[in-house]
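Subject: A structure for you to explore

Hi there,

Here is the structure I promised to pass on. Have a look around it first, and then read my notes below.

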Amino acid sequence: MSGQTLPNNLRASSPVELVDTGSEFDSGFPTPGLALCLSGGGYRAMLFHLGALWRLNEVGYLPKVDRISSVSGGSIIAGVLALKWPRLDFDQAGVAGGFGTEIVEVVRGLAGRTIDVEAILGGTFLPGSVADKVIGAYRKYLYGNATLQDLPDRPRFVFNATNMQSGALWRFEKPYMRDYRVGEVKNPKVLLAVAVAASTAFPPFLAPVKLELKESDYTPGSGKDLQSAPFMTKVFLADGGVYDNLGLETAWKRYDTILVSDGGGHMGSEADPKLDWARQTLRVLDLIDNQVRSLRKRQVINALALREQLLAQGAPPESQELNLATRKGAYWGIRSHIADFHLDDALNCPADSTTELANTPTRMADTEPQLQERLVNWGYAICDAGLRKHVDPSLPAPAGFPYPQAGV
């Protein structure tokens, strides 16, 4: 392929046309930089992402990340990483010496505790809502009284929730929290535990998290069409995965290199669907979640593959159309097959074992130590394969799993 434009059939009518009306994305063109997206999926995803972060740290990639965008289970570990960031003790190679004590031990400690059932029972039979109980658990075990203002300026951490009133994404960040329809609150002093609880508030059991705000908290004129009470004053938030289970939207149009770690689940077939309203509702929610997840996954994989294809055909890397329609980077998922990355020195991850791990229930419940270690190992191995195949082939192969005795 020659010249400075793409053929008509490969121009910016790409498989990815994400819409984010936040002010920082008005140009529609990405800037140089690296974003990491951490999906939802309860403790399963949290532990899978822990393995991915472990490998990213080993190869010195964590300080290179400009933005970490997360939902649900991904937000739990992102919150820990954000709060502990100043204490990670990065060396000149970009490797955090404190990763084990500050991140691994804390996350695995939470993985040994049950939050969801205790919160549901406490919110049903004791004063306070289910969301209040989840917030209390996060404060007790992870974040204390830290607020969004305690987070680092770089990388920018974005915790995504879904506004149940506007139907739009509500993002929590250090400089602001916002919904493009309702408006923007600058420098929010919201507890980190509240932001993560909103991002993990999966309906119907753990939602909603309610924010009570004043109209004066908002930047005047920052909302599109809902900047009025009660949308501004009582904000009801649910799991960010309801809107975008990969945490992709707040990263895609901002940066030209995207890493996606997907620890999300998979909806199984059901030959005999239940007829009572409660189980029907849960099945419908699963269908919606599965559809959102599948669409986002196809979008990011197609766009990453399209770039490699077009560059191989001679497309100019500097083309604006190419950079609008595609991205550099990698996707790895808990349901990926490591053999598909075609690396001779990839870690040994049999498909039957990794499929078993992918079927771990989406819970925030006590996870036995060996299962924890297998999930961490799997996230580590597939992240390594994605990085060395699609991002930087010069990276050294890992010496082995973080937990060699556990395997996958």
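A nonpolar core is a set of buried Ala, Val, Leu, Ile, Met, Phe, Trp, Tyr and Cys residues joined through side-chain atoms within 4.5 Å. Please keep in mind that what you see is a predicted model.

**The cores**

With that term in hand, the largest nonpolar core here has 98 residues. Ile-76, Tyr-138, Phe-172 and Trp-378 have the most contacts inside this core. Helix α12 (residues 369-391) provides the largest share of the core, with 10 residues. To see how one of those residues is surrounded, click on Ile-76: beyond its neighbours within four places in sequence, its contacts include Tyr-43, Met-46, Leu-110, Tyr-138, Leu-142 and Met-364. Apart from this core there is another one, made of 13 residues, and Leu-248, Trp-252, Tyr-255 and Leu-304 are among them.

**Helix α5**

At 1.5 Å a residue, its 14 residues should span 20 Å, and the end C-alpha atoms are 18 Å apart, which agrees. Just after α5 comes Gly-144, with a positive phi of about 55°.

**Strand β7**

Strand β7 covers residues 209-212, and its side chains alternate. β7 pairs with strand β8 (residues 234-239) in the antiparallel sense, over 4 bridges. Within this pair, Glu-212 stands opposite Lys-234 of β8.

Start with Ser-166, in the loop between β3 and β4. Is Ser-166 buried or exposed? At 8% relative accessibility it is buried, because the cut-off for buried is under 20%. Its side chain makes a polar contact of 2.4 Å with the side chain of Asp-179. A polar atom of the Ser-166 side chain also lies 3.1 Å from the backbone nitrogen of Ala-168.

Next, find Thr-257 in strand β9. Thr-257 is buried too, with a relative accessible area of 15%. The side chains of Thr-257 and Asp-256 are joined by a polar contact of 3.1 Å. Leaving aside neighbours within four places in sequence, Thr-257 is in contact with Gly-33, Leu-34, Ala-35, Lys-328 and Gly-329.

Finally, go to Gly-40, in the loop between β1 and α1. Gly-40 has a relative accessible area of 1% and is buried. How far apart in space are Gly-40 and Gly-263? They are 6.5 Å apart, C-alpha to C-alpha, although 223 residues apart in sequence.

Enjoy exploring!

Best wishes

Methods: Residues are numbered from 1 along each chain as its sequence is written. This is a predicted model: local features need pLDDT of at least 70, side-chain atom pairs count only at pLDDT 80 or more; totals for chains, interfaces and linings use all residues. Side-chain values use heavy atoms; hydrogens and water are left out. Buried means under 20% relative accessible area, exposed over 50%, partly exposed in between (1.4 Å probe, protein chains only). Helices (H or I, at least four residues) and strands (E, at least two) are DSSP runs, numbered from the N terminus. Two strands pair if DSSP finds at least two bridges between them. The expected span of a helix is 1.5 Å times one less than its number of residues. A polar contact is a pair of N or O atoms within 3.5 Å; within protein, one must be able to donate a hydrogen and the other to accept it, and residues adjacent in sequence count only if both atoms are side-chain atoms. Contact means heavy atoms within 4.5 Å.
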